[in-house]
Amino acid sequence: MADKRLTPARPDLAASSLKGQVEAARFVDGEAAAAAWGRVSLRASPSHDSGQVSELLFGEIVTVYERKDGWAWLQAKTDSYVGYARESGLGEPLEADARVTQLLTPLLFAPDVKSPLRDLLPLNARVKRGHTEGDFVAVADGFVSARTLELLDSAASDFVAVAERFIGVPYVWGGKTFQGLDCSGLIQTALQAAAIACPRDTDMMEQGLGYAIARDQVRRGDLIFWKGHVGVMRDAQTLLHANAFHMQVTSEPLDVAIARIATPITAIKRI
């Protein structure tokens, strides 16, 4: 059975690529668009109070299958996640040539540090660089510091070091930025910064990433899975994870986390 999280199909509408695989009243090709805000909430249904399932980051390419009542039903290109986003948060697709490497970088109205803030672009946001003015580069409808960008094909050398930068960031279900993230959002964000493809949810990661190892082999960078939860090891004893107990990204002894979670570890994976 197709995973609904990754399959753009409803009884009334589905992607043309799914003809013959699913039943739907109508099939459409969809149209390309891109996230036009620093972060765009991806929701389970077209309502502002619907649960957030993930987020789209500035410049992230999506395929839109329906626009209705101010909402877009779409699929993200990065991780194939399907959901609803505010139509106003989408713009024309862009040919990005750089990515944001800071946790957040200000998008300013003018190339001046005193200029008003237009938006905040998160780590891994994708941008198309325009002209430069001093230390700033034109991006979309504003300017960012050139020192907060690197070429699109650049990659962090240590994804755990990226994850460590988020210590203390609030736990937010479906989030994946410095403004709040969940356990799988932390891992996906860190891996993507290191140019390692990663699915969105914990069960997808457990099934699709790396290979299994024994607990007595654990070292920095290994992923620890419970049902519905994931964290990464900073060293052989210390776990880093976004969690709803502390309501933030926390570093703590693995044995302490195991005792508190009180359910069996389902897998230990090395990438």
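Predicted model: local features only at pLDDT ≥ 70, side-chain atom pairs only at ≥ 80, totals over all residues.
Strands β21, residues 223-226, and β22, residues 229-233, pair in the antiparallel sense over four bridges, where pairing requires that DSSP find at least two bridges between two strands, and where strands (E, at least two residues) and helices (H or I, at least four) are DSSP runs numbered from the N terminus. Within this pair, W226 has H229 of β22 as its bridge partner. Helix α2, residues 183-193, packs on the sheet and touches β21, β22, β23 (238-243) and β24, a contact being heavy atoms within 4.5 Å, and its direction makes about 45 degrees with that of β22; axes here are lines fitted to C-alpha atoms, for helices over the stretch in contact, with angles from 0 to 180 degrees between N-to-C directions.

Residues are numbered from 1 along each chain as its sequence is written, and side-chain values use heavy atoms, with hydrogens and water left out.

The sheet itself is open, with six strands in the order β20-β25-β21-β22-β23-β24 and antiparallel pairing. Because β20 (211-212) and β24 (248-253) stand at the edges with a single partner strand each, one side of each is left without a neighbour in the sheet. Helix α4, residues 254-261, lies across β21, β22, β23 and β24, running at about 110 degrees to β24.

Turning elsewhere, L42 lies in strand β4, residues 39-43, and is buried, with a relative accessible area of 1%.

Key:
Buried < 20%, exposed > 50% of the residue type's maximum accessible area, 1.4 Å probe, protein only.
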